[in-house]
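Dear colleague,

I am passing on the structure below, and my notes on what was found in it follow. Please read them with the model open beside you.

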Amino acid sequence: MKIRVRLLFRRLIRTAVRDLQFQEAVACNKTQKRLHPNQISALRRRPELRTKHQQQLVRLLVTSQECFQKYKNINCDDLAGILHYESRMPGTMILKQGHPGHAFYFLASGSVEVQIKDMDACGGYRVVNELHEGASFGEVALLDSTTVRSASIVCKEPCEFLRVERDEFNMLLRRYHQREMNSKFKLLRAYGWFDDWPDRSLNVVLPDSHRIVYKPKQVIAVGSTEQTRPSSLPQTFIVAKGRVHVLRKINVHLDLQSGRVSLATSSRLRHCANKSQPLKHIWVTSEPLRVGDVIPYMSNSTALVSEGCELICIPQASFLFRKNGDILDSIFKKVFMISATDEEVFRYFNQIQRWDWFCFRLRDEVESSRARPITV
């Protein structure tokens, strides 16, 4: 017990001396910014022992720092719980080239030099880059535990770091992945499409899925191919949030004299060609799909357009292991806008006379409104 108390006392003394030296070094460079003392105090406490005010301070730090923007899909509280504060003096080597990596770093204040070994350079190291506040480095250590540091990182001025250990980050990712899987699982179970599927079968399909957020008026897919990833496999789409429109392209003839619109069948194409009636391609849509609706597959004359939504996309091939994908065929028959013939769709809209549901847009116009999805 006495040895533990003695070690703890020495540790506190070393921390106090290091902080004092760091404050003196920062005072010499009055233009340099640093973290607020209250934020430092909160970061040094164990996450489960932080007060509500301290939790709020760390959360604000995570949301305000530019270096955390690439991890915005991870919950701020979860990320704040694995951050460790460090302060280092100028000339301190944070990472050494060739050494194994166990953590990665966010640079909260100050600047560092990136150096590589060069026997011809002074001191055996050559400066190849310089990183400033908001940068991060050492991420490769989280992806592969067998890799070694490809460069050395040396403090150029007094620096503050937020360190993330590999084991803690992997545990955080596992928790996040499990929550994501549970969310997808509940969505598939909630609306009855997969009631006859056992849990084991759904767990086979879900690992192949991915979640994407789309902006309003953004074209999601033409046919079963995502417009943002044309080379990807044909996808099945499930609405997780927001609303989505299914558009059907129909060939029609427009009578310029009477203004009448008629469906262009193969027999009418030859008849109307003699009368010089122009052929038009229109996109029609019904009421939007809502949360839980499924689009199993679509023809090339069908498109999906977002009203501001979040979709779960699953490759159609993932369903083939169970009864050769019969579930997709059964869902396809229940969705009118993708399974009906052109005659049925045209007759349906003529009967209900809901012209505000029509969307007269050429395919070129639909495709021109494509935009990149928000990163999920």
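Phe319 touches Phe194, Trp197, Val205, Thr236, Ile314, Asn324, Gly325, Ile327 and Leu328, leaving aside residues up to four places away in sequence, where contact means heavy atoms within 4.5 Å. Please bear in mind that this is a predicted model, in which local features need pLDDT of at least 70 and side-chain atom pairs count only at pLDDT 80 or more, while totals for chains, interfaces and linings use all residues. Residues are numbered from 1 along each chain as its sequence is written, and side-chain values use heavy atoms, with hydrogens and water left out.

Phe319 is also one of the residues that touch the most other members of the largest nonpolar core, which has 47 residues; such a core is a set of buried Ala, Val, Leu, Ile, Met, Phe, Trp, Tyr and Cys residues joined through side-chain atoms within 4.5 Å, and buried means under 20% relative accessible area (1.4 Å probe, protein chains only). Strand E11, residues 235-254, gives the most to this core, with 8 residues. Apart from it lies another core, of 22 residues, including Val58 and Leu83.

Of the 376 residues of the protein chain, 43% count as buried.

As for the cysteines, a search of the whole structure finds 0 disulfides (pairs of cysteine sulfur atoms within 2.5 Å). The sulfur of Cys159 is 4.0 Å from the closest cysteine sulfur, in Cys155, which is too far for a bond, and Cys159 is buried, with a relative accessible area of 0%. For Cys313, the closest cysteine sulfur is in Cys309, at 8.9 Å, again too far for a bond, and Cys313 is buried, with a relative accessible area of 0%.

With best regards

Terms used. Buried < 20%, exposed > 50% of the residue type's maximum accessible area, 1.4 Å probe, protein only. Helix = DSSP H or I, 4+ residues; strand = E, 2+ residues; numbered from the N terminus.
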